[in-house]
Amino acid sequence: GALIVSIVLIVVGSKSYNAVHPAIINFVKNLHFGHFLMQFLLGSLLFAGALFIDLSRMKQDRWEIGTLAVFSTVASTFIVGTLMWLWLKLLPLQLGYAKCLLFGALISPTDPIAVLAIFKKIGAPETLTTIVSSESLFNDGVGVVLFATIYSAAFSPHLPTAMSVIWFFIRESIGGIFYGLVAGWVLCQMMKSVKDYKMHVLLTIAFVFGGYCLANAMELSGLLAMVVMGIFVGNYKRRTMITPRARRHLEEFWEIIDELFNAILFLMLGLEIVVIHFDWWLVLAAVIAIVMTLLTRYVTVAAPMSLIRRWRNHAPFTISILTWGGLRGGLAVALALAIPNGRSHEIILCMTYGVVLFAVLVQGTTIKPLAKLAKNV
């Protein structure tokens, strides 16, 4: 809906009401979508999603989740980046290899919001639902760490060494996971000491927003920290921590927050189109990016899943569903907006927005028949 409104505003602004169009552009620019998502929305969205992950179910699918979240994301970053670097050489759009890798890093993490809603509605296989949700939670964190690592190397005033890049990656990822475990344990101990469910909700709010900011200030991955903390709290509370009534209130609160913040995210994502500059070469680059991203997603999913399938049984069409259901969302656009202004910023943002629009409008609306096949076979 926001996208339709934005397109109407662009058409009206370009045709007659010229005074309205600049005002709309300034309004959207002042929303600071990327900063708002990275500093406010994303940490709470990842915590809310992780809160409902069943650790026992996740342990059963740990090889699939770990491989897709780490190997597939890293491999996709370098494959997409290299392919786009080669393709853009054929167009009058020159983009350095490091900038192409940045695009690969920001476009590789998946966003399962639309897919999981469909899975829940049709009753898709539990294993498939767990893999899709858990992979997306972790690969968001992995993707951001990769992006930050490549970004620091690409835009650093000093030539980075291999050891400095490796140390940056380890500090962000391992440090973020350890931080999340510690924060989750402390939060659970505090929640266990009080009986009022309203205090449980307030404590989680404080730890999510305050803990996320602190992790980023310590130069750790706040996203991975929130995923780990959410899984820790969600599974610790299932056993002995709080009463069933308090657990129900806590889950209902974070479910509402999840729905509300996702609505805000998609609204802002649709409005963002009014500030993106398009030309025919950029549109062609976006189309190429869509094709390359989908092909790479298939390769980086099919290769490890085919290997794992020798020892484990998977639902029919699992690889196809994971490929077509690997949507890209607001995180990709937010990271693209973080790239300094210039021609490379325009190229990467346009390609990113093209991939996200295709994912949401085409893949998201056609995944349902494919998911039904997995359920019915």
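Helices α3 (33–50), α8 (126–155), α9 (162–192), α10 (197–217) and α11 (222–241) each put at least two residues into the lining of the second largest pocket. Helices here are DSSP runs of H or I, at least four residues long, numbered from the N terminus. The model is a predicted one, so local features need pLDDT of at least 70 and side-chain atom pairs count only at pLDDT 80 or more, while totals for chains, interfaces and linings use all residues. Residues are numbered from 1 along each chain as its sequence is written, and side-chain values use heavy atoms, with hydrogens and water left out.

That pocket has a volume of about 500 Å³. A pocket is an open set of points on a 1 Å grid over the protein atoms alone where a 1.4 Å probe fits, with protein on both sides within 12 Å along at least five of seven lines; lining residues have an atom within 4 Å of a point. Of the 20 lining residues, Met38, Val144, Phe147, Ala148 and Leu335 lie nearest the centre. Sorted by class, the lining holds 11 nonpolar, six polar and three charged residues.

Leu335 also turns up among the buried residues of α15, buried meaning under 20% relative accessible area, exposed over 50% and partly exposed in between, with a 1.4 Å probe and protein chains only. In α15 (residues 330–337), seven of the eight residues are buried. As for α9, its 31 residues reach 45 Å from first C-alpha to last, close to the 45 Å expected at 1.5 Å a residue. Buried residues of α9 include Phe168, Glu172, Gly176, Tyr179 and Ala183. An α-helix has 3.6 residues a turn, so residues three or four places apart point the same way.

On to the aromatics: a search of the whole structure turns up eight aromatic pairs. One of them, Phe253 with Trp254, is edge-to-face, at 5.4 Å centre to centre and 85° between the planes. Rings of Phe, Tyr and Trp (its six-membered ring) pair if their centres lie within 6.5 Å, and planes over 60 degrees apart count as edge-to-face, under 30 as stacked and the rest as tilted. Phe253 is partly exposed at 25% relative accessible area, whereas Trp254 is buried at 0%. Elsewhere, Phe36, Phe40, Phe209 and Phe261 make up one aromatic cluster.

Finally, Glu219 sits in the loop between α10 and α11. Its phi is near 60°, a positive value in a residue other than glycine, and Glu219 is partly exposed at 43% relative accessibility.

Definitions and conventions: Points joined across faces, edges and corners; volume = space filled by probe spheres on them. Nonpolar A, V, L, I, M, F, W, Y, C, P; charged D, E, K, R; others polar. Expected span 1.5 Å × (residues − 1).
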